[in-house]
Amino acid sequence: MKRYEIFKIKKCALLILEKIGLSNKEANVLLDVLIASDSYGVHTHGLSVFSSHVERIKRGGYQLGIEPIIEKEFPAFMSVNAQNSIGMYSAAFCMEKVIKHGINAGVYTVFCKDCNTYGPAFYYTKMATDKKLIGITFCNSPSAMAPWGGYEKMLGTNPVAVGIPGKNEGPILFDMATSIVAKSKINEARKKGKRIPNGWALDINGDSTTDPIEAIKGLVLPMAGPKGYGLSMMIDIIAGLLSGAAYQNGVGRFYSEDNNSMNVGQVFIAINPELVMSADFYGMIDQYIENIHCSKAKDDSTILFPGERKLREYEKSQCVGIELSDEVVDSINRLLVDYNIDCRL
């Protein structure tokens, strides 16, 4: 993959979003999240889905120009209605709220309903670590997994992410789906015409498959068997049902053409280590990371903490641009041609 200048990418993409009616604020948030995902090397959640968001916007799948509504507000938590706004926009809104309140409260939580997919979960925890807070987010998602032992889609791959700041090291950025693999990885294999490993998925009859097309029609398996199934269920209940959002197989799909909200449920949490513990926390995390780096490895390599590869790729991206596939570049350039915009990647 070739590397492209971030400023040029954002400039061209903003012109496209402006043409289809997005406000500057909405467009900037959407692009910041997608470009950040590619900058950290998470290409499945980056500009590879830009054209899909453009299509959803064009067909009226989002409510544009509106702000999420705060429906309940208490000292420890807030309930928000995203009102079918762009998922990244409502998620950034919610994370800003938990950061603002968490600084003084010590711990603060936002529950959000009527959401759409928010892309890379780690992005929002990084917003918290930038303010020296611990950030946590998790959400439910369209059904793709069966209850353990079954083969009917009932639960999503329901991701969870945690960000932990250090003083000079880190931040630790943990981000995982509760499935054995993120669905986007299966779709990536489909696009490349590759098989998937045995043990990732079942077909519609509940039989193991290495065909990504059959896997997409069928089921992805949970991580760690019944443990992943249980974790996915807990996230579905707390982020979905408790937030007042959809849950189980009631969560809508991003690529549906009915223009309804996905009604995903999302939870955002910020913790201020200085209030819960003391400012010593940050130095202790630095030492914690050093202990991990110095732990024994058979091949004498350095053990990495969660998110360390992402951080290294981000630093490289800031210096020499972000990697984009020819397919992604072509899809953006086609949009630029379609909208008669004098800009090319």
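Trainee: Is S79 buried or exposed?
Mentor: This is a predicted model, to be clear. In it, S79 counts as buried, because its relative accessibility is 16% and the cut-off for buried is under 20%.

Trainee: Which strand does S79 lie in?
Mentor: S79 is in β3, residues 77-81.

Trainee: And what is S79 in contact with, leaving aside neighbours within four places in sequence?
Mentor: I69, I70, E71, K72 and F111.

Trainee: New topic, α5. How many of its residues are buried?
Mentor: Eight of eight, so helix α5 (residues 122-129) is mostly covered. Among the buried residues are F122, Y124 and K126.

Trainee: What do the buried residues of α5 pack against?
Mentor: Helices α2 (24-39), α4 (87-105) and α11 (308-320). Strands β5 (134-139), β6 (160-164) and β7 (172-176) too.

Trainee: Let's take β5, then. Why is it largely enclosed?
Mentor: Because six of its six residues are buried.

Trainee: Which residues of β5 point which way?
Mentor: I134, I136 and F138 point one way. G135, T137 and C139 point the other way. All are buried.

Trainee: How many bridges join β5 to β11?
Mentor: Six, and the two strands run antiparallel. β11 covers residues 264-271. C139 has Q266 as its bridge partner there.

Trainee: What about β5 and β6, how many bridges?
Mentor: Four, again in the antiparallel sense. On that side, F138 is bridged to V160 of β6.

Technical notes. Residues are numbered from 1 along each chain as its sequence is written. This is a predicted model: local features need pLDDT of at least 70, side-chain atom pairs count only at pLDDT 80 or more; totals for chains, interfaces and linings use all residues. Side-chain values use heavy atoms; hydrogens and water are left out. Buried means under 20% relative accessible area, exposed over 50%, partly exposed in between (1.4 Å probe, protein chains only). Contact means heavy atoms within 4.5 Å. Two strands pair if DSSP finds at least two bridges between them.
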